Amino acid sequence: MKKILLLLICVATVLSAQQTDSTIIFESPNKNLTLPTKTEMHDAWGIDILLSNNGFGAAGFYRREFDRELSGTMTFGIADSKDENEIEYVDYWGQTYSPGKINRFLLMPLMLGVQYRIFADDITDSFRPYINAGAGPTLILAAPYEKEWFSSWGYAHSYFTAGGYVGIGAFFGSDMGTLSGVNIRYYFVPVQGGIASMQGPTDYTDFANPKPGKVNKKKEFGGFFITINLGSMF
């Protein structure tokens, strides 16, 4: 009986020892040592590639993150703009030309805007949709079409106007140190009175006194743009 009781005591002792936490924790002798922390990045810069039916362009942007949802932006771009009535032809030598075209245009908008991230708590950070809007001054250069493309800008006239845009887009990727995404924007760039863009066909009803065709003036230089964003945060 004593042997059985002694055996039970030994088993109980072994089981109790197995339930004891045997984890050993080592502490650094340097009490001033701190663990590295990830630096938060609120600023970003990069380029935008602009695509539209009216032409192509590029822009540089700076972005400042105020909080998880709201950001401010500044962009400066250069984009081509065409009259919606012009038609391009290709001659025997491969050169393009547009009959009746008076001026070629370049837009240089400087826009200050805001971005608001939507569904921030419902969608993973690898897909960050947002809405945005902006406004600012725009410089328009009108160069005579009759001259060669590069030399024509030496004869260009400048026009200043105010413009703006609204859009919707998204950033992609889980790497929060980079910015890559797509934004669809509609730009509003009105010019009061318009700028001469196309010359209508000459009226030869009276061959002795032919009348020049009506001059079409371009009054709206905006439109839809697909913007591809490529940048990095710091």
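Predicted model: local features only at pLDDT ≥ 70, side-chain atom pairs only at ≥ 80, totals over all residues.

**The aromatic cluster and its setting**

Modeller: One aromatic cluster is made up of W149, F150 and W153. Residues are numbered from 1 along each chain as its sequence is written, and side-chain values use heavy atoms, with hydrogens and water left out.

A search of the whole structure finds 9 aromatic pairs. Rings of Phe, Tyr and Trp (for Trp, the six-membered ring) pair if their centres lie within 6.5 Å; planes under 30 degrees apart count as stacked, over 60 as edge-to-face and the rest as tilted. The pair of W149 and F150 is edge-to-face, with 5.0 Å from centre to centre and 75 degrees between the planes. W149 also pairs edge-to-face with W153, at 5.4 Å centre to centre and 75 degrees between the planes. W149 thus takes part in a pair with F150 and in a pair with W153.

The accessibility of two of these residues can be given. The classes are buried (under 20% relative accessible area), exposed (over 50%) and partly exposed (in between), found with a 1.4 Å probe and protein chains only. W149 counts as partly exposed because its relative accessibility is 41%. F150 is exposed, because its relative accessible area is 64%.

Leaving out residues up to four places away in sequence, F105 touches W153, and its other partners include I140, I195, K218 and F221; contact here means heavy atoms within 4.5 Å. F105 belongs to the largest nonpolar core, which has 14 residues; F105, I140, Y187, I195 and F221 are those with the most contacts inside it. A nonpolar core is a set of buried Ala, Val, Leu, Ile, Met, Phe, Trp, Tyr and Cys residues joined through side-chain atoms within 4.5 Å. In soluble globular proteins, nonpolar side chains tend to be buried together. Strands β6 (103-117), β7 (127-144) and β10 (190-199) each supply at least two residues of this core, and the largest share, 3 residues, comes from β6.

Two rings elsewhere have a charge over them. A charge sits over a ring if NZ of Lys or CZ of Arg is within 6 Å of the ring centre and within 35 degrees of the ring normal. The charged end of K147 sits over the ring of Y155, 4.4 Å from its centre. K218 lies over the face of F221, at 5.2 Å from the ring centre; K218 and F221 are also among the residues that F105 touches.

F119 has a positive phi of about 55 degrees although it is not a glycine. Most residues other than glycine have a negative phi.

A salt bridge is a side-chain nitrogen of Lys or Arg within 4 Å of a carboxyl oxygen of Asp or Glu, and the count comes to 9. R117 forms one with D125, the closest N and O atoms being 2.7 Å apart. R117 is buried, because its relative accessible area is 10%, while D125, at 34%, is partly exposed. R68, R117, D121 and D125 are linked in a network of salt bridges. Another bridge joins the side chains of D43 and R64 at 2.7 Å, N to O. This pair links distant parts of the chain: D43 is in strand β1 (residues 43-52) and R64 in strand β2 (residues 55-65), 21 residues apart.

The chain as a whole gives the wider setting. There are 2 helices and 12 strands; helices (H or I, at least four residues) and strands (E, at least two) are DSSP runs, numbered from the N terminus. Along the sequence the pattern is α-β-β-β-β-β-β-β-α-β-β-β-β-β. Of the 234 residues, 35% count as buried. Among contacts between residues at least 6 apart in sequence, 64% join residues at least 24 apart.
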